[in-house]
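User: I would like to go through this model with you, one topic at a time. Could you keep the answers plain and give the cut-offs as the terms come up?

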Amino acid sequence: MIKEKLSYKFLMLNEDADDFTNVQNLLFEKFELPLVIKTSFDKAVDFLTTKDNPFDAILLDLSLTFRKGKHIVTDLLKLAANSPLIILGPINSEKLSETYINQGVSDYLCKEELNSVLLSKSILYAIKNNKLEQKISLTELNLKDSQKAAKVGTWETNLFDFGSIWSDETYRILGANKKVTISSHNEFLKFIYPNDLQLFKTAFSKSINSKQVNLIHHRIVNNLGKIKFVEQRWKIIRDDELNPIYAVGTCQDVTEKTTAQEKASRLEAYNKDILKKISFHIAILNADGEIIATNEAWNKYSIENGEPILEKTGDGSNYFKVCEDAWLSGDMSALEVLNGIKRVANGTSVEYLHEYPCHSPQKKQWFVLKAIKINKDKNILITHQDVTTKKIAEIERERIAYDLIQRNKNMEQFSFIVSHNLRAPLANILGLTEISKLESTNTVELLNIINGMSNAAHKMDDVLKDLNKILHTESQKYDTKEEVDFQEITLAISKDIIKSQRIKIQTNFKEVEKMHSLKSYVYSIFYNLINNSIKYQRPNVKPHIQISSKKTEHGILLKFKDNGLGIDVEKNKNRLFGMYNRFHHNTEGKGMGLYMVKTQVAALGGNISVKSIVDKGTVFNIEFKTSD
Amino acid sequence: MKKLGQILFIDDDEVNNMVCERIVKRTLGSKANVFSFTSSEEGLSHLKNETVLMEKGAYTLLFLDINMPVLTGWDVLQRIEQMDDKIKNKLLLFMLSSSIDPDDIRKATENKLVSDFIEKPLSFVSLFHIMEKHFTPKIEIKV
């Protein structure tokens, strides 16, 4: 008794009651209480079109008279696609049986030879076979779907005539129409991108003798002219004598994958290039200070700074240790940097910035170190940025500001000095006026007072004239420069001021005879220095003035030497070239000469210095740079 | 109140010294001890050597200019600083200058030796105030 299932249900189409009873009995012999329904074809339609066809098999008695057998079979196969159909025919004919089976019928049995064993075997076989078929078609369906999703097509090429079978997805990848393009190996070759054709051909012919799965990537041009990237995998199938018969393979469209990959690798290459080429020095440290990556600029700088093999600051060395070592060898800021980076490492600070000078004998440089955490792994990005340009601009700005403040101070000082020297004679006049009011003042005294007033007025006038002179000097600064002959100037001055034969001026301008300069300034400088030497001559010592010129590394040196009174340079260094400062009693000087000399030398871009010994003499050295 | 012994002027400006002497003599009488020096060195040596009156307890009133050749007013102050306490204790010193540089005025007032900074010219009124404030006997001004 067959008990695989609780209860089998059969539908039997027949019109002869005896035949039905006979078959029913046979079924009862082998199946346990089967449900057998007898029906005519018209009623069968109602049974079979219900949603869930409950029948395990359909039995058709072909002695039916109202329709020709073939049509009924065709209709039933359509109606009951999920149930196997077994025909019970009147005659035993192999040909008829074959025709029906090819049509889709599960089995054909001759009624005359029918017995319970034969019938049950046929039914059970038909049921099993039917289930298997259903499974296969389901798998085929799934395979189609997954081929489509993965863009994997399959193909099979016969190696005798090179005819091919392509799956739907293969057609789709090629953009080919199943109805127009007849699949073959040669047809496939037409789709291959011309530059990749040789690659494919070579790989394919090589594979004929190989046992492994072959894999290549190449491009194709689909029917719409679009280039696609495909991955081909195939294997050669052989017969029992190992002769190759088929090639079976898959063809996967990897265009999207390839493009995305290409984009990613391009981006990565860009990033690498940027890191490499950027002028910042970059290193990545882990939380313990170990250097885990550096860029080209970092390494280059390390090498230039005495680390030919990056032994201290290359990959794998410890940056914290570098800082500690620098600190131990006396660099106090290294400790600050170390603590700063550690604060970033342990999350106390978000970032750390530190500006520091790093001068080499060749050039001055400044850097800004920046430490910042870059990810959750507690890695730290260290950058050193060269801020030299910015720093130099900053220093220049500070210098200009300092210059301006200094100039302003000088102007202020100038105005104090001028006002002092105007107020001093004014105070005289006021004082003299006050005493002139006294009733006891006699004629002699009154004359003295008037004399004093006159002197004071002259003094004020002199100060104003001096002011004019200074302002004039300032405006002359922009006069045209010319060749100034030192000997010529000296001679002109001697004629002007030397009235006594006692004074001896000795010159030596052999080395440098002339300079390109402002004649009025040079004249004034010579005049004041010669005049001073005469004014401050030692009593009873014949004045001897020596003037000479010399070439120096950067320009010209003029030397004025006398044997006069001399000045205590050490004591008066701050006042020596100041306005209205005097250093000797009882002379006509008013403290303008050296002030003018200093001003004019400075205006010509030169420098003046003095050496002197009291009661021996004085030497003034003036150096001009000859850049123009 | 202090007793006045002598009055000294150290200033390279002769006219100013002449005016000052006249004002002092007019105020204190023609027999007042007034000395003026155009050279700082001479003034200093007078201060150092003429100490008879100071030893008797009388004060020296010194008017000192700032801008002078060789030794400036500031140099003179330094030299006085090094002198004997006997002299310094009996000295009343005023800077007398036509400078309007705030630095000069600050430097003067910050110096322990200096009582005050007086702008030139010295007038009867300012001398009277000094005498009033520091010295006996009271004087009567006759202008």
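User: How much of chain B counts as buried?
Analyst: Of the 143 residues of chain B, 34% count as buried. A residue is buried if 20 or more other C-beta atoms lie within 10 Å of its own, exposed if 12 or fewer, and partly exposed in between, with C-beta atoms placed from the backbone. This is a predicted model, in which local features need pLDDT of at least 70 and side-chain atom pairs count only at pLDDT 80 or more, while totals for chains, interfaces and linings use all residues. Residues are numbered from 1 along each chain as its sequence is written, and chains are lettered from A and ligands numbered from 1 in the order in which they are written.

User: And what is the share for chain A?
Analyst: In chain A, 24% of the 628 residues count as buried.

User: Which secondary structure elements does chain B have, and in what pattern?
Analyst: Chain B has seven helices and six strands, and along the sequence they follow the pattern β-α-β-α-α-β-α-α-β-α-β-α-β. Helices (H or I, at least four residues) and strands (E, at least two) are DSSP runs, numbered from the N terminus. For chain A the count is 18 helices and 22 strands.

User: Now the interface. How many residues are in contact between the chains?
Analyst: On the chain A side 20 residues are in contact with 21 residues of chain B. Helix 13 (388-436) and helix 14 (443-476) of chain A each supply at least two residues of that side, and helix 13 gives the most, with 12 residues.

User: Which residues touch the most other members of the largest nonpolar core?
Analyst: They are B:Val19, B:Cys20, B:Ile23, B:Phe63 and B:Leu64, in a core of 32 residues. A nonpolar core is a set of buried Ala, Val, Leu, Ile, Met, Phe, Trp, Tyr and Cys residues joined through C-beta atoms within 7 Å. Elements of both chains contribute at least two residues each, including helix 13 and helix 14 of chain A and strand 1 (2-10) and helix 1 (14-28) of chain B. The largest share, six residues, comes from helix 1 of chain B.

User: What is B:Ile23 in contact with?
Analyst: Leaving aside neighbours within four places in sequence, B:Ile23 is in contact with A:Ile435, B:Leu122, B:Phe124 and B:Leu127. There is also a second, separate core of 28 residues, which includes A:Leu27, A:Val73, A:Tyr100 and A:Ile123.

User: On to sheets. What is the strand order of the parallel one in chain A?
Analyst: That open sheet of five strands has the order 2-1-3-4-5, with parallel pairing. Two strands pair if DSSP finds at least two bridges between them. Strand 2 (35-39) and strand 5 (107-110) of chain A are the edge strands, each pairing on one side only. Four bridges join strand 1 (residues 9-13) to strand 3 (residues 57-61) of chain A, and A:Leu11 has A:Ile58 of strand 3 as its bridge partner.

User: And the antiparallel one?
Analyst: Five strands of chain A form that open sheet, in the order 12-11-15-14-13. Its edge strands are strand 12 (291-294) and strand 13 (351-357) of chain A.

User: Last one: why is A:Gly555 classed as partly exposed?
Analyst: A:Gly555 is classed that way because it has 17 C-beta neighbours inside 10 Å. A:Gly555 lies in strand 20 (residues 555-562) of chain A and touches A:Glu623, A:Phe624, A:Lys625 and A:Thr626, not counting residues up to four places away in sequence.

Key:
Two residues are in contact if their C-beta atoms, placed from the backbone, lie within 7 Å.
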